[in-house]
Amino acid sequence: MGLLTFSINVTLDGCVDHQEGIVDDETHALFTRLLDENGAMLWGRVTYEMMESFWPAVARGDLEAPPTTTEWAVTLESKPKYVVSTTRTDFPWTNSHHITGDLREGIQKIKDATPAGILLGSVGLAAELDRLDLIDEYRMLVHPRIAGHGPTLYESGLPGTRRLELISAQPLRNGAVAMHYRRAG
């Protein structure tokens, strides 16, 4: 069974707005390595649509991008992409799959079928999956910024505190820190 890893960019004040993080070669290379280490991506509809609107064009070479950005896009293009949505049923992006029915059962099936693991990249979906105790690890890239606005991590709350064990912390040249945690006990 593969691990489900919530992976997200976050500012020091918890903001997860994708426009607030530092975007450079080092961060793209970090996320490409993380994607290489895992077997699939998991998103909610909103994140899927944001990603779908940009990354396939970069992977095809329709948009000019630095080599590390293109490498991320090509790697993402090749991975299975699972989407949780109750409002959309058509997901034409390469290797995209719709998760329907019971959320716990659907995610568990994907975990069972993906021994290399799944990266979860949607904040709202992460909160729901955390409530269901389905997230095994957390990979946060903490950016040296204070955004002063949301959206923020776990705005909708959790039923209780999650105790985590630090696996690694890697500072980047740009001041961000890549944090890797696993659920404790």
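Residues are numbered from 1 along each chain as its sequence is written, and side-chain values use heavy atoms, with hydrogens and water left out. Because the model is predicted, local features need pLDDT of at least 70 and side-chain atom pairs count only at pLDDT 80 or more, whereas totals for chains, interfaces and linings use all residues.

Helices (H or I, at least four residues) and strands (E, at least two) are DSSP runs, numbered from the N terminus. Eight strands form an open sheet with mixed pairing, in the order E4-E3-E2-E5-E1-E6-E8-E7; two strands pair if DSSP finds at least two bridges between them. Strands E4 and E7 (164–171) stand at the edges with a single partner strand each, so one side of each is left without a neighbour in the sheet. From one strand to the next, the twist averages 25°. Strands of a sheet pair through backbone hydrogen bonds, either parallel or antiparallel. Strand E2 (residues 40–44) pairs with strand E5 (residues 118–120) in the parallel sense, over three bridges, and Leu-42 has Leu-120 as its bridge partner in E5.

Two helices lie across strands of the sheet. Axes are lines fitted to C-alpha atoms, for helices over the stretch in contact, and angles run from 0 to 180 degrees between N-to-C directions; contact means heavy atoms within 4.5 Å. Helix H1 lies across E1 (4–11), E2, E5, E6 (137–143), E7 and E8 (177–183), and runs at about 175° to E6. Helix H2 lies across E2, E3 and E4, at about 115° to E2.

Thr-27 belongs to helix H1 (residues 25–36). Its relative accessible area is 4%, so Thr-27 is buried (buried means under 20% relative accessible area, exposed over 50%, partly exposed in between, with a 1.4 Å probe and protein chains only). The side chain of Thr-27 reaches the backbone oxygen of Ile-22 at 3.4 Å. Not counting residues up to four places away in sequence, Thr-27 touches Ile-22, Leu-141, His-143, Leu-172 and Asn-174.

Seven aromatic pairs are found in a search of the whole structure. Rings of Phe, Tyr and Trp (its six-membered ring) pair if their centres lie within 6.5 Å; planes under 30 degrees apart count as stacked, over 60 as edge-to-face and the rest as tilted. Tyr-48 and Phe-91 form an edge-to-face pair, at 5.1 Å centre to centre with 80° between the planes. Tyr-48 lies in helix H2 (residues 45–52) and Phe-91 in the loop between E3 (81–84) and E4, so this pair ties together parts that are 43 residues apart in sequence. Both residues, Tyr-48 and Phe-91, are buried. Trp-55 and Trp-72 also form an edge-to-face pair, at 6.1 Å centre to centre and with 85° between the planes. This pair links helix H3 (residues 55–60), which holds Trp-55, with helix H4 (residues 67–78), which holds Trp-72, 17 residues apart. Trp-55 is buried, with a relative accessible area of 11%, and Trp-72 is buried at 8%.

Lys-81 lies over the face of Trp-93, at 4.8 Å from the ring centre; a charge sits over a ring if NZ of Lys or CZ of Arg is within 6 Å of the ring centre and within 35 degrees of the ring normal.

Definitions and conventions:
A polar contact is a pair of N or O atoms within 3.5 Å; within protein, one must be able to donate a hydrogen and the other to accept it, and residues adjacent in sequence count only if both atoms are side-chain atoms.
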